[in-house]
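Me: I've got a structure to go through before I set anything up. Can you walk me through it?
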Amino acid sequence: MTKMKALVCRECGKEYPTKAIHVCEMCFGPLEVKYNYEEIKKNISRKKIQDGPLSIWRYADLLPVEGPTFLGPHAGMTPLVRAKNLGAYLGLDELYIKNDTVNHPTLSFKDRVVAVAITRARELGFETIACASTGNLANSVAAHAAAAGMRAYVFIPGDLEAAKVLGNLIYKPNVVEVEGNYDDVNRLCSEIAGEYAWAFVNINVRPYYAEGSKTLAYETVEQLGWRTPDQVVIPMASGSLLTKIWKGLHEMKTLGLVDDVRTRINGAQAEGCSPISTAFKAGRDFFKPVKPKTIAKSLAIGNPADGYYALKATAESKGSMDMVSDGEVVEGIKLLAQTEGIFAETAGGVTIGVLQKLVKQGTIKKGDVTVAYITGNGLKTQEAVIDAVGKPHRIQPSLASFEKTFKMGKNGGGDA
Ligand SMILES: *Cc1c(COP(=O)(O)O)cnc(C)c1O
């Protein structure tokens, strides 16, 4: 028996074969992968995982691929950083940063989901891979397609950061810049996906793609010494990552890898695109689509596909959600960089800003073991901080010029 049982409709429970389909024919609900946990349980242990490769593939037993060949061999197993300085600043005893700014190969958490999606797409016989992206996804699809020798089409909104555009072109996929926002791109891609037999990682192979996010839960638990955290803070675009961290934590309990899950799930958005957080704060279990306007472009999805399920997971966990202004996003990026030496993109600024808010509100408490998910690299969104970091001290190549600028005394100087 295989570990994947079926694709199952999240709404009506109807089951489908594990092909490239993503919506229920009966009720139009989204499909997700259903596993044979009894089988998996016989075959999995902490030791087996620890002896596995230093990548997401150490959890292959819990991922929707048949193997034995996995594309994207280096994704995952990023550092879990004990953030003592930032913790002290915020008043938290045990804060960790899950640092996906250094994920491989394209420096965002998307390498996890794409490694899984492209592996599964190839198993299903696809030769062309595509995506509708807010930026990081396109970078990851482009890089993985190049390495796998597959044809790629990446669709991006017209206003992306320069480094994210370049980060596609360098791998030479077909880069399609759509005059519109992500929601326009996504609508167009759904239409294109109906016409061509391509694997759109976040459309027709989305059920497999989404499962890659679970590895952020597994790794965190393993790196904490097989403990679940008390609180996690997760940035939300479509809301998929948040729902899959919740799923991953519960799978570990189902499989006996942890005793209990007491984790509170907290979702983070930017004010300029916060349909999910706004619904949560209003006590609604449904969101109203918005037109995004924020520097956190990687999170700028106005009509989030998993928004409803993100609200549900957060409520089940007794967690919370919040949002921050673009100014607070920039402050969050600077705070993380200047306390922990980690340069995050705008999504990271959102996470740190919301973390700070939740601590101030008393939602996250001093003694809570807390993990903040930092999902993308700051070198890709330099536009966001360029005016907020000052300038270098420009001097002549002489000692005198140096000492004049830094007003050096006998025992060295202060800062200029
Ligand atoms: C895509 C993305 C997310 C969140 O994605 P979901 O659609 O909610 O799964 C978070 N951070 C970064 C940097 C991203 O690129």
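Reply: A term to begin with: on a 1 Å grid over the protein atoms alone, a cavity is a set of points where a 1.4 Å probe fits but cannot get out. Keep in mind that this is a predicted model.

Me: OK. Which cavity is the largest?
Reply: The largest cavity is the space taken by the ligand.

Me: Which residues come nearest to the ligand?
Reply: Lys110, Ser238, Gly239, Leu241 and Thr375 come nearest, out of 16 residues around the ligand.

Me: And how does that shell divide into nonpolar, polar and charged?
Reply: Seven of the shell residues are nonpolar, seven are polar and two are charged.

Me: What lies 2.6 Å from an oxygen atom of the ligand?
Reply: That is a polar side-chain atom of serine 238. Leucine 241 uses its backbone instead: one of its backbone N or O atoms lies 2.8 Å from an oxygen atom of the ligand. For serine 240, a polar backbone atom is 3.5 Å from a ligand oxygen atom.

Me: How much of the ligand's accessible area does the protein cover?
Reply: The protein covers 97% of it, where the ligand on its own has 380 Å² of accessible area.

Me: Which residue has a positive phi although it is not a glycine?
Reply: Phenylalanine 28, with a phi of about 65 degrees. Phenylalanine 28 is in the loop between β2 and β3.

Me: Since you mention β2 and β3, what is the strand order in that sheet?
Reply: The order is β2-β1-β3, in an open sheet of three strands with antiparallel pairing.

Me: Why is one side of β2 and of β3 left without a neighbour in the sheet?
Reply: Because β2 (15-16) and β3 (31-35) are at the edges, and each has a single partner strand.

Me: How many bridges are there between β1 and β2?
Reply: Two, and β1 (residues 4-9) pairs with β2 in the antiparallel sense. As for specific residues, leucine 7 has tyrosine 16 of β2 as its bridge partner.

Me: Now the four-stranded sheet. Parallel or antiparallel?
Reply: Parallel, in an open sheet with the order β8-β7-β6-β9. At its edges are β8 (174-178) and β9 (199-200), each pairing on one side only.

Me: What joins β6 to β9?
Reply: Two bridges, with β6 (residues 128-132) and β9 running parallel. Alanine 130 has phenylalanine 200, in β9, as its bridge partner.

Key:
Residues are numbered from 1 along each chain as its sequence is written. This is a predicted model: local features need pLDDT of at least 70, side-chain atom pairs count only at pLDDT 80 or more; totals for chains, interfaces and linings use all residues. Side-chain values use heavy atoms; hydrogens and water are left out. Two strands pair if DSSP finds at least two bridges between them. A residue is near a molecule or strand if one of its heavy atoms lies within 4 Å of it. A polar contact is a pair of N or O atoms within 3.5 Å; within protein, one must be able to donate a hydrogen and the other to accept it, and residues adjacent in sequence count only if both atoms are side-chain atoms. Accessible areas come from the Shrake-Rupley method with a 1.4 Å probe; for residues, only the protein chains shown count as cover. On a 1 Å grid over the protein atoms alone, a cavity is a set of points where a 1.4 Å probe fits but cannot get out, and a pocket is an open set with protein on both sides within 12 Å along at least five of seven lines; lining residues have an atom within 4 Å of a point. A molecule sits in a cavity or pocket if more than half of its atoms lie within 2 Å of its grid points. Ala, Val, Leu, Ile, Met, Phe, Trp, Tyr, Cys and Pro count as nonpolar, Asp, Glu, Lys and Arg as charged, and the others, Gly among them, as polar.
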